[in-house]
Amino acid sequence: MSIPMWPEDVPTHSLLVIDYELLKKRDVGEIERLWEAATKLGFWYLKNHEVDELAQEMFDLGAEVMALPHEEKMKFEQGDDGESFGYKKAGGNAVAASGEPDTAEFLNIAKDDALAWPNLVRRAPPGTAYPAPALARMESTVKPFIEKSLAVNNTLMDILNDKLGLKKGRLLEFYTNEEFSGSEARIIRNPPMSDTQKIALGSHTDFGSLSFLHNRQGGLQVLPPGSETWQYVEPIANHAICNVGDSLAIFSGGILRSNLHRVIPPPSTQANTVRWSLVFFSRPGNSSVLRALVEGSDKIANAVASSKEGEDGKKFDTGSTAEEWFARRIKNQRIANRKGPETWMASRGTERVQVA
Ligand SMILES: O=C(O)CCC(=O)C(=O)O
Ligand SMILES: [Fe+2]
């Protein structure tokens with residue numbers, strides 16, 4: 001599919017472009033730029049990451065899955081208990097405290113299932129785990145996509161670990177393949193909308209640590225620090241978009257920024273197209289306690305000590321495991337679980353500014 005050019009007449013927020021090749025060589029200048037991006041906005045472009053071909057194969061898989069009849073996809077529904085893996089229908093989640101439904105459908109595939117393939121360790125038995133086109137491409141596409149995405153996220157994490165002043169490998173202890181986690185690949189489809197302001201995915205911070213995003217059309221928007229205006233992030237060919245999620249913001253005592261973002265339909269020139277996007281989310285092992293790593297780094301201890309008492313103090317010691325944190329957020333987004341605006345509030349993460 002050819003995608004129309006990005007329009008020049010919409011408010012667009014530029015991101016730093018980080019070169020993964022240079023990061024792999026631990027180029028000092030590039031590491032500084034990554035640090036700037038991860039601490040100021042928490043979003044950046046990543047080029048030279050070598051995952052583009054596999055990303056395209058994931059989109060092909062996504063097209064096959066989403067073309068299945070609705071009843072077939074619903075056999076693989078994620079359910080109402082806070083489980084993320086599986087299919088989520090359009091309208092399954094709220095996008096705001098009002099309870100307005102979302103418009104995007106997505107399929108989430110567990111990292112643990114892809115790596116254990118041909119076994120399924122998180123969703124079983126096979127007939128009810130994932131739609132057939134996903135199972136058919138698990139070995140050829142999903143597993144290598146997840147392995148490569150993990151390598152990218154782990155490299156970024158290793159660099160951020162050192163910049164945070166943590167002992168070598170400390171952060172990566174949370175992301176071993178030994179323990180189950182909420183890490184997953186997500187393929188998202190949003191149909192064309194006549195209302196180009198109709199919210200597809202509501203304002204949120206990401207639940208996990210690092211998100212590695214490939215989107216074809218625009219529609220992703222960020223709320224930059226200090227701004228009250230949502231701004232588009234331009235999709236650039238062969239450039240992934242990376243962002244920091246709640247867990248890294250908490251581990252780092254707020255030094256790394258988990259920024260609010262949302263998705264609306266593609267703007268202007270790109271309107272009236274089906275919007276496709278694909279994300280790999282790295283999330284800590286289920287038993288990881290989400291609290292600032294103050295004992296491991298003076299930098300983190302100082303950041304927590306100098307943050308606003310009460311509000312921030314509590315934020316950096318959540319008393320919650322990663323598993324509980326994700327289940328709470330997922331469960332309370334679900335329209336089926338909605339009792340009122342309080343259900344939406346219960347689904348929130350580390351947001352400083354609450355946007356309804
Ligand atoms: O589709 C996008 O561009 C972003 C998706 C997103 O923010 C998410 O799934 O958490
Ligand atoms: Fe997100």
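**Loops, then the ligand**

Biologist: Where does Pro118 lie?
Modeller: Pro118 is in the loop that joins helix 5 (111-116) to helix 6 (126-129), where helices are DSSP runs of H or I with at least four residues and strands are runs of E with at least two, numbered from the N terminus. This is a predicted model, in which local features need pLDDT of at least 70 and side-chain atom pairs pLDDT 80 or more, while totals for chains, interfaces and linings use all residues. Residues are numbered from 1 along each chain, chains are lettered from A and ligands numbered from 1 as written, and side-chain values use heavy atoms, without hydrogens or water.

Biologist: And which peptide bond is cis?
Modeller: The bond from Trp117 to Pro118 is cis, with omega near 15°. Most peptide bonds are trans, and most residues other than glycine have a negative phi. Arg26, in the loop between helix 1 (20-24) and helix 2 (28-40), has a positive phi, near 55°.

Biologist: What pLDDT does the chain average?
Modeller: The protein chain averages 92, and 96% of its residues score at least 70, on a confidence scale from 0 to 100. For the complex, the predictor gives an ipTM of 0.99 and a pTM of 0.96.

Biologist: Switching to ligand 1, how many residues surround it?
Modeller: There are 13 of them, the closest being Arg186, His204, Asn215, Arg275 and Ser277, where a residue counts if one of its heavy atoms lies within 4 Å. By type, the shell holds 6 nonpolar, 4 polar and 3 charged residues, with Asp, Glu, Lys and Arg taken as charged and Gly among the polar ones.

Biologist: Which strand gives the most to that shell?
Modeller: Strand 12 does, with 3 residues.

Biologist: Which side chains have polar atoms by the ligand's oxygens?
Modeller: Counting N or O pairs within 3.5 Å, a polar side-chain atom of Arg186 lies 3.0 Å from an oxygen atom of ligand 1. For Asp206, a polar side-chain atom is 3.1 Å from a ligand oxygen, and for Asn215 the distance from a side-chain N or O atom to a ligand oxygen is 3.1 Å.

Notes
Polar contact = N/O pair within 3.5 Å; in protein donor to acceptor, adjacent residues only side chain to side chain. pLDDT = per-residue confidence, 0-100.
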